[in-house]
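Me: I would like to learn how to read a structure one feature at a time. Can we take the strands, then the pocket, then the rings?

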Amino acid sequence: RRGCRPMLRQPNGGVATFATSEVRAVQIPIPTSSNLYPFIQPVYVSHGECGFHVVNCYLPSGNSSAHRSQRTSIMKDVFLFVATLPPSPLFILGDFQEHPLSNPSVAEAMCTGEWVDVLDAFSNAAGKTVENTFVRVAKNGTKQSRIDYILANSAGCPRSEEHTSELQSQS
């Protein structure tokens, strides 16, 4: 489409980042020594003088202990990676395949107070619950859960709070 920049797409799944000619998205290199490449797509998004980091994630699916262990290891590496980025608002988002607090690496980061579940904050501000983002219909019934998340660091929280205030005034 005219006026759009090329799409940056993660190689293994459901993550893509789109930008217009007015909003710049620059892919951030992932260290070659890292095992993160197939699972994340870090970009710096800017418009004028305003900008923030986004790390899109698509973690491996599966409920085995090996899959859960792999997701924990990946997220540990994600938090180590984002700690190397210049200070700015930062959002880690995507398909975590499980509740963040079920992943020890994410739970540990959230317990520091540096990270907030933005969707949960928005929903609480509006007096609503977060809707499930995954539905599986099986012979023994339907299973639903929320596996898609947006985590914001403390520098990203004020931006999130601006929108939360808007939601509260609309309620």
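Me: Which residue in S5 does Ile40 stand opposite?

Reply: This is a predicted model, so read all that follows as a description of a prediction. Ile40 stands opposite Cys57 in S5.

Me: How many residues lie between the strands in the hairpin of S4 and S5?

Reply: There are 2 residues between the strands, and Gly48 has a positive phi near 65° in this hairpin.

Me: What else pairs with S4, and in which sense?

Reply: Strand S3 (residues 24–27) pairs with S4 in the antiparallel sense, over 4 bridges. Here Val26 is found opposite Tyr44 of S4.

Me: How many of the residues of S4 are buried?

Reply: The cut-off comes first: a residue counts as buried under 20% relative accessible area. In S4, 6 of the 8 residues are buried, so the strand is largely enclosed by the rest of the structure.

Me: In which sense do S5 and S6 pair?

Reply: S5 pairs with strand S6 (residues 90–95) in the parallel sense, with 6 bridges. Val54, for example, has Phe91 in S6 as its bridge partner.

Me: How many aromatic pairs does the structure hold?

Reply: The structure holds 3 aromatic pairs. One of them is Phe52 with Phe91, an edge-to-face pair with 5.6 Å from centre to centre and 85° between the planes. Phe52 belongs to strand S5 and Phe91 to strand S6, so this pair ties together parts 39 residues apart in sequence.

Me: How are the rings of Phe79 and Trp115 placed?

Reply: Look at the distance and then at the angle. The ring centres of Phe79 and Trp115 are 5.4 Å apart and the planes are at 70°, so this pair is edge-to-face. Phe79 sits in helix H1 and Trp115 in strand S7 (residues 115–117), so the contact ties together parts 36 residues apart in sequence. Phe79 counts as buried at 14% relative accessibility, and Trp115 counts as buried at 10%.

Me: Where is Asp117, and is it buried or exposed?

Reply: Asp117 is in strand S7. With 10% relative accessibility, Asp117 counts as buried. Sequence distance and spatial distance should be read separately here: Asp117 and Leu151 are 34 residues apart in sequence, yet their C-alpha atoms are 4.7 Å apart in space.

Me: What is the volume of the largest pocket, and which residues are closest to its centre?

Reply: The largest pocket has a volume of about 300 Å³. It is lined by 13 residues, and the closest to its centre are Asn63, Gln97, Phe134, Arg136 and Ser145. Next, ask what kinds of residue form the lining: 2 are nonpolar, 7 polar and 4 charged. Strand S8 (134–138) and strand S9 (141–145) each supply at least two lining residues, and S9 gives the most, with 3 residues.

Me: Where does Gln97 lie, and what is its phi?

Reply: The general idea is that most residues other than glycine have a negative phi. Gln97 has a positive phi, near 70°, and is not a glycine. Gln97 lies in the loop between S6 and helix H2 (104–111). At a relative accessible area of 15%, Gln97 is buried, and Gln97 is also among the residues closest to the centre of the largest pocket.

How values were computed:
Residues numbered from 1 in each chain as written. Predicted model: local features only at pLDDT ≥ 70, side-chain atom pairs only at ≥ 80, totals over all residues. Heavy atoms only, no water. Pairing = 2+ DSSP bridges. 1 Å grid on protein atoms, 1.4 Å probe; cavity = no way out; pocket = protein on both sides within 12 Å on 5 of 7 lines; lining within 4 Å. Points joined across faces, edges and corners; volume = space filled by probe spheres on them. Nonpolar A, V, L, I, M, F, W, Y, C, P; charged D, E, K, R; others polar. Phe/Tyr/Trp six-rings, centres within 6.5 Å; stacked < 30°, edge-to-face > 60°. Buried < 20%, exposed > 50% of the residue type's maximum accessible area, 1.4 Å probe, protein only.
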